[in-house]
Amino acid sequence: MSSLNSPRQIAVEGLIKVTQSGGYSNLVLNALLEESNLKNEDKSFCTAIFYGTLDRMVTVDYYLKKLIKTPLKKVKPYTLAVLRTAVYQIKYMSKVPVSAAVNEAVKLVKNSNESFNASFVNAVLRNLARTEIPLPNGNSIYDISVTYSCPNWIVSVLVEDYGVEFTKDFLNNAINPPPLFARVNTLKVTAEELSKVLKEEDVSAKILSDTALLLNASSPQNTNAYKNGLFFIQDLSCQKAIEMLDIKEDSLVLDLCAAPGGKSFSAAMKAPKGRVVACDLYEQRASLIKKGAKRLGAENIEVYTADATEFKEELGLFDRIICDVPCSGLGVIRRKPDIKYKQENSFEELAKLQQKILNNASRYLKKGGKLLYSTCTLNKKENGKNVEIFLKNNPKFSLVSEKTFSYQTENSDGFYAAVIQKN
């Protein structure tokens, strides 16, 4: 096996871990890069290949199927991963010479346990380089799937809920690099002050509101401004959803599914004279909230390990509740492309779990209090339909407002938020 100090090799190893073992893309790549001795430039190259291949894998496989008679599932795993990364380089990385993509792919396979496939890889890639293979341009589920590199089942969900044009537009955006937003820590600094501090660290920041900045930075967590707790990373949709909840400066707030903590942090900044109780099912994830709160100086956050489906009377009642439930994540596939390759049946029980959490969350709400139900998916079964079911079964509650966010309307991730009030 070739050295893990090769950026292409690391990209291949990472791809195998995600596609074969179901690993989370960010965790897989970060771990591999930390183990390596790559220079920053090579790390960036590796990252581009890894995420680019994941983003475009449905389309990449379409090209391979046109060139290989054997079903892809019968191609050896390492060979297939090498082919996928090489096809991505040839088709989508214009600065990479075709000869380099081909030669390096062949070299990787030659130095692996699947060295017998080296000539096969060479033939496939050279055939790809000289063959024009047009992508389909129709509006069928299959055509959209191939062109915008998204599995059929996700395309079907989006088309059914939002129509063809929205789906094509959304998926086209999902294969482009996502914007990076910062939430200003208003306990310590203003948006204008933070912008100036970041500029001194060569980070460009556009002020969008009193609490939101659009950043142009590859590693904002490495800045002194971040280390000193002047901001945290949070998508614009999450920031606007918290605004919908109308948290007062002395509110008692409960965040039931809080990790990694962004919404709790925002709530703490909205309620500096109040209290935020942040809960998560796992101690390890709860510790992330504690760590983040300490960095930000958010002393009004209390963190507990708790199951969001089980009522704990000792927590008391709250003015505001954040109920950001586990979901299919279809709204954030541009940030987490591995979501596209989860099996559809892995999400079948989600709506039931979401309803259970929402019902339990409502038990903590004071009369006149407001609850935010939110997801980072665009699947209506997990969103508005869950809220409809809850309101039908709980006549003491009413819908105050709801909104579906997407990049087309907010330049944000796909996100749903509904505010429910206890009458």
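The following questions and answers concern a predicted model. Residues are numbered from 1 along each chain as its sequence is written, and side-chain values use heavy atoms, with hydrogens and water left out. Because the model is predicted, local features need pLDDT of at least 70 and side-chain atom pairs count only at pLDDT 80 or more, while totals for chains, interfaces and linings use all residues.

Me: In what order do the four strands of the open sheet stand?
Reply: Strands are DSSP runs of E with at least two residues, and helices are runs of H or I with at least four, both numbered from the N terminus. Two strands pair if DSSP finds at least two bridges between them. The edge positions belong to strand 2 (204-207) and strand 4 (231-233), each pairing on one side only. The pairing is antiparallel, and the order is 2-3-1-4.

Me: Which residue of strand 3 is the bridge partner of Ser 204?
Reply: Strand 2 runs antiparallel to strand 3 (residues 212-216), and four bridges join the two. For Ser 204, the bridge partner in strand 3 is Asn 216.

Me: At what angle to strand 1 does helix 13 run?
Reply: Axes are lines fitted to C-alpha atoms, for helices over the stretch in contact, and angles run from 0 to 180 degrees between N-to-C directions. Helix 13 (residues 236-244) lies across strand 1 (180-184) and strand 3. Its angle to strand 1 is about 35°.

Me: How far apart are the axes of helix 1 and helix 2?
Reply: Contact means heavy atoms within 4.5 Å. Helix 1 (residues 7-21) packs on helix 2 (residues 25-35) at an angle of about 145°. The contact residues include Ile 10 and Val 18 of helix 1, and Val 28 and Leu 32 of helix 2. The distance between the axes is 9 Å.

Me: Is Asn 379 buried or exposed?
Reply: Asn 379 sits in the loop between strand 9 (365-375) and helix 17 (384-393). Leaving out residues up to four places away in sequence, Asn 379 touches Val 157, Asp 161, Ser 328 and Leu 330. Buried means under 20% relative accessible area, exposed over 50%, and partly exposed in between (1.4 Å probe, protein chains only). With a relative accessible area of 12%, Asn 379 is buried.

Me: What distance does helix 16 reach from its first C-alpha to its last?
Reply: The expected span of a helix is 1.5 Å times one less than its number of residues. Helix 16 (residues 350-362) has 13 residues, and 18 Å is expected at 1.5 Å a residue. Its buried residues, among them Leu 350 and Ile 357, pack against elements including strand 8 (318-324) and helix 17. The reach of helix 16 is close to the expected value, at 18 Å.
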